[in-house]
Amino acid sequence: MGEVKWTDEQSLAIKEKGQNILVAAAAGSGKTAVLVERIINKIINEKIDIDKILVVTFTKAAAAEMRARILDAIYKKIEQNPENKHMQRQITLLSKASICTIDSFCLDVVKNNFFEIRNISKPKNRRKHRTTNTKTRNPRKLVRRKIRSGRQRIHKISKHVY
(Lines give C-alpha, C1' and ligand atoms only; values in the text may rest on other atoms or scores of the structure.)
Protein backbone atom coordinates (compact mmCIF):
# COMPACT_ATOMS: atom_id res chain seq x y z
CA MET A 1 0.00 0.00 0.00
CA GLY A 2 1.39 3.42 -1.01
CA GLU A 3 1.93 6.61 0.90
CA VAL A 4 -1.26 8.41 1.96
CA LYS A 5 -1.91 11.72 0.15
CA TRP A 6 -3.17 14.23 2.71
CA THR A 7 -5.03 17.39 1.78
CA ASP A 8 -3.48 20.70 2.86
CA GLU A 9 -5.94 20.98 5.77
CA GLN A 10 -5.27 17.40 6.85
CA SER A 11 -1.50 17.94 6.72
CA LEU A 12 -1.85 21.09 8.80
CA ALA A 13 -3.94 19.24 11.41
CA ILE A 14 -1.36 16.43 11.55
CA LYS A 15 1.71 18.63 11.83
CA GLU A 16 0.43 21.53 13.99
CA LYS A 17 2.59 21.93 17.10
CA GLY A 18 2.16 23.75 20.37
CA GLN A 19 -1.62 23.60 20.55
CA ASN A 20 -4.52 21.23 20.63
CA ILE A 21 -6.84 20.88 17.66
CA LEU A 22 -10.48 20.15 16.92
CA VAL A 23 -11.11 18.09 13.78
CA ALA A 24 -14.69 18.24 12.52
CA ALA A 25 -15.72 16.90 9.12
CA ALA A 26 -18.28 14.72 7.37
CA ALA A 27 -18.43 10.96 7.80
CA GLY A 28 -15.83 9.12 5.74
CA SER A 29 -13.64 12.19 5.24
CA GLY A 30 -10.62 10.77 7.08
CA LYS A 31 -10.92 12.33 10.55
CA THR A 32 -9.81 9.17 12.32
CA ALA A 33 -6.88 8.63 9.95
CA VAL A 34 -5.75 12.24 10.46
CA LEU A 35 -5.93 11.95 14.24
CA VAL A 36 -4.11 8.61 14.27
CA GLU A 37 -1.37 10.11 12.09
CA ARG A 38 -1.16 13.15 14.39
CA ILE A 39 -0.85 10.94 17.46
CA ILE A 40 1.81 8.70 15.87
CA ASN A 41 3.64 11.83 14.72
CA LYS A 42 3.68 13.17 18.29
CA ILE A 43 4.87 9.82 19.67
CA ILE A 44 7.72 9.54 17.17
CA ASN A 45 8.85 13.13 16.60
CA GLU A 46 8.08 14.72 19.96
CA LYS A 47 8.71 11.58 22.06
CA ILE A 48 5.36 11.96 23.82
CA ASP A 49 3.97 8.82 25.44
CA ILE A 50 0.47 7.77 24.35
CA ASP A 51 -0.80 7.88 27.94
CA LYS A 52 -0.06 11.63 28.04
CA ILE A 53 -2.42 12.38 25.14
CA LEU A 54 -6.16 12.94 25.60
CA VAL A 55 -8.31 11.74 22.70
CA VAL A 56 -12.03 12.43 23.06
CA THR A 57 -14.72 11.10 20.74
CA PHE A 58 -18.51 11.10 20.80
CA THR A 59 -19.17 7.35 20.66
CA LYS A 60 -17.71 4.25 22.28
CA ALA A 61 -17.37 2.68 18.84
CA ALA A 62 -15.28 5.62 17.62
CA ALA A 63 -13.06 5.40 20.73
CA ALA A 64 -12.57 1.65 20.21
CA GLU A 65 -11.78 2.19 16.52
CA MET A 66 -9.31 4.94 17.37
CA ARG A 67 -7.53 2.72 19.91
CA ALA A 68 -7.34 -0.16 17.40
CA ARG A 69 -6.00 2.06 14.62
CA ILE A 70 -3.38 3.55 16.92
CA LEU A 71 -2.27 0.07 17.93
CA ASP A 72 -2.02 -0.98 14.26
CA ALA A 73 0.02 2.14 13.47
CA ILE A 74 2.36 1.45 16.39
CA TYR A 75 2.91 -2.12 15.19
CA LYS A 76 3.67 -0.86 11.66
CA LYS A 77 6.28 1.54 13.04
CA ILE A 78 7.83 -1.27 15.10
CA GLU A 79 8.01 -3.45 11.97
CA GLN A 80 9.94 -0.65 10.27
CA ASN A 81 12.29 -0.25 13.25
CA PRO A 82 12.17 -3.30 15.59
CA GLU A 83 14.84 -1.84 17.90
CA ASN A 84 12.77 1.26 18.76
CA LYS A 85 12.18 0.86 22.52
CA HIS A 86 10.06 4.01 22.68
CA MET A 87 7.51 2.59 20.21
CA GLN A 88 7.55 -0.80 21.95
CA ARG A 89 6.72 0.94 25.23
CA GLN A 90 3.67 2.57 23.61
CA ILE A 91 1.98 -0.83 23.27
CA THR A 92 2.04 -1.20 27.05
CA LEU A 93 1.03 2.42 27.66
CA LEU A 94 -1.91 2.21 25.25
CA SER A 95 -3.96 0.35 27.87
CA LYS A 96 -3.64 3.41 30.17
CA ALA A 97 -4.26 5.97 27.43
CA SER A 98 -7.22 8.34 27.67
CA ILE A 99 -9.04 7.47 24.46
CA CYS A 100 -12.67 7.78 25.45
CA THR A 101 -16.00 9.47 24.93
CA ILE A 102 -16.58 12.96 26.27
CA ASP A 103 -19.10 11.46 28.72
CA SER A 104 -16.64 8.97 30.18
CA PHE A 105 -13.91 11.61 30.39
CA CYS A 106 -16.18 13.95 32.36
CA LEU A 107 -17.35 11.08 34.57
CA ASP A 108 -13.72 10.16 35.33
CA VAL A 109 -12.96 13.77 36.27
CA VAL A 110 -15.91 13.81 38.67
CA LYS A 111 -15.12 10.35 40.12
CA ASN A 112 -11.47 11.22 40.66
CA ASN A 113 -12.28 14.62 42.17
CA PHE A 114 -15.58 14.03 43.94
CA PHE A 115 -14.10 15.31 47.19
CA GLU A 116 -13.69 18.75 45.59
CA ILE A 117 -17.35 19.01 44.66
CA ARG A 118 -19.40 20.50 47.44
CA ASN A 119 -23.07 19.80 47.88
CA ILE A 120 -24.42 20.68 44.44
CA SER A 121 -28.02 19.89 45.25
CA LYS A 122 -30.22 22.75 46.35
CA PRO A 123 -30.54 22.60 50.16
CA LYS A 124 -33.85 23.52 51.79
CA ASN A 125 -32.27 26.33 53.74
CA ARG A 126 -29.94 27.96 51.22
CA ARG A 127 -28.55 30.56 53.63
CA LYS A 128 -27.50 27.93 56.14
CA HIS A 129 -25.67 25.78 53.55
CA ARG A 130 -24.31 28.51 51.30
CA THR A 131 -20.64 28.27 50.53
CA THR A 132 -18.37 31.05 49.37
CA ASN A 133 -16.25 28.73 47.27
CA THR A 134 -18.16 28.60 43.99
CA LYS A 135 -15.24 26.99 42.16
CA THR A 136 -16.16 23.53 43.44
CA ARG A 137 -19.95 23.80 43.60
CA ASN A 138 -20.48 23.46 39.87
CA PRO A 139 -19.37 20.14 38.28
CA ARG A 140 -19.05 21.77 34.83
CA LYS A 141 -16.66 24.35 36.23
CA LEU A 142 -14.71 21.58 37.94
CA VAL A 143 -14.32 19.70 34.65
CA ARG A 144 -13.19 22.87 32.87
CA ARG A 145 -10.75 23.67 35.68
CA LYS A 146 -9.29 20.15 35.62
CA ILE A 147 -8.82 20.30 31.86
CA ARG A 148 -7.14 23.70 32.12
CA SER A 149 -4.87 22.59 34.96
CA GLY A 150 -3.19 20.11 32.61
CA ARG A 151 -0.07 20.83 30.60
CA GLN A 152 -2.05 22.75 27.98
CA ARG A 153 -5.46 24.31 27.72
CA ILE A 154 -8.01 22.76 25.42
CA HIS A 155 -8.64 25.09 22.49
CA LYS A 156 -10.90 24.84 19.50
CA ILE A 157 -8.75 25.66 16.52
CA SER A 158 -11.21 26.65 13.83
CA LYS A 159 -8.55 26.97 11.13
CA HIS A 160 -7.99 23.21 11.36
CA VAL A 161 -11.63 22.28 10.83
CA TYR A 162 -12.01 20.81 7.36
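1. Let me start with Cys 100, which is buried at a relative accessible area of 13%. Here buried means under 20% relative accessible area, exposed means over 50%, and partly exposed is in between, using a 1.4 Å probe and protein chains only. Cys 106 is partly exposed, with a relative accessible area of 25%. The closest cysteine sulfur to that of Cys 100 is in Cys 106, 8.7 Å away, and this is too far for a bond. The structure holds zero disulfides, a disulfide being a pair of cysteine sulfur atoms within 2.5 Å.

2. A word on what you are looking at: this is a predicted model, in which local features need pLDDT of at least 70 and side-chain atom pairs count only at pLDDT 80 or more, while totals for chains, interfaces and linings use all residues. Residues are numbered from 1 along each chain as its sequence is written, and side-chain values use heavy atoms, with hydrogens and water left out.

3. Now the overall layout. The protein has seven helices and two strands, and along the sequence they follow the pattern α-α-β-α-α-β-α-α-α. Both kinds of element are DSSP runs numbered from the N terminus: helices are H or I with at least four residues, and strands are E with at least two. Of the 162 residues, 29% count as buried. Take the contacts between residues at least 6 apart in sequence: 66% of them join residues at least 24 apart. Contact means heavy atoms within 4.5 Å.

4. On to the inside of the protein. In soluble globular proteins, nonpolar side chains tend to be buried together. The largest nonpolar core here has 18 residues, and Ile 39, Ile 50, Met 66, Ile 70 and Ile 99 have the most contacts inside it. Helix H2 (31-45), helix H3 (60-80) and helix H4 (85-93) are the elements that give two or more residues to this core. H3 gives the most, with six residues. Apart from this core lies another, of five residues, among them Ala 13, Ile 21, Val 23 and Val 34. A nonpolar core is a set of buried Ala, Val, Leu, Ile, Met, Phe, Trp, Tyr and Cys residues joined through side-chain atoms within 4.5 Å.

5. Not counting residues up to four places away in sequence, Ile 50 touches Ile 39, Ile 43, Ile 70, Gln 90, Leu 93, Leu 94 and Ala 97. Gln 90 sits in helix H4 and is buried, with a relative accessible area of 0%. With the same exclusion of residues up to four places away, Gln 90 touches Ile 43, Ile 48, Asp 49, Ile 50 and Ile 74. Gln 90 and Ile 43 are 47 residues apart in sequence, yet 8.3 Å apart in space, C-alpha to C-alpha.

6. Which residues make the contact between H1 and H2? On the H1 side they are Gln 10, Ala 13, Ile 14 and Lys 15, and on the H2 side Val 34, Glu 37, Arg 38 and Asn 41. By class, this contact has three nonpolar, two polar and three charged residues. In that count, Ala, Val, Leu, Ile, Met, Phe, Trp, Tyr, Cys and Pro are nonpolar, Asp, Glu, Lys and Arg are charged, and the others, Gly among them, are polar. The axes of helix H1 (residues 8-15) and H2 come within 8 Å and cross at roughly 35°. Axes are lines fitted to C-alpha atoms, for helices over the stretch in contact, and angles run from 0 to 180 degrees between N-to-C directions.

7. Thr 101 lies in strand E2 (residues 98-101). Is Thr 101 buried or exposed? Thr 101 is buried, with a relative accessible area of 9%. Leaving aside neighbours within four places in sequence, Thr 101 is in contact with Val 56, Thr 57, Phe 58, Thr 59 and Lys 60.

8. Phe 105 lies in helix H5 (residues 102-112) and counts as buried, at 15% relative accessibility. Phe 105 and Val 55 are 50 residues apart in sequence and 9.5 Å apart in space, C-alpha to C-alpha.

9. Finally, a backbone detail to look at. Most residues other than glycine have a negative phi. Lys 47 has a positive phi of about 55° although it is not a glycine. Lys 47 is placed in the loop between H2 and strand E1 (54-57), and at 54% relative accessibility Lys 47 counts as exposed.
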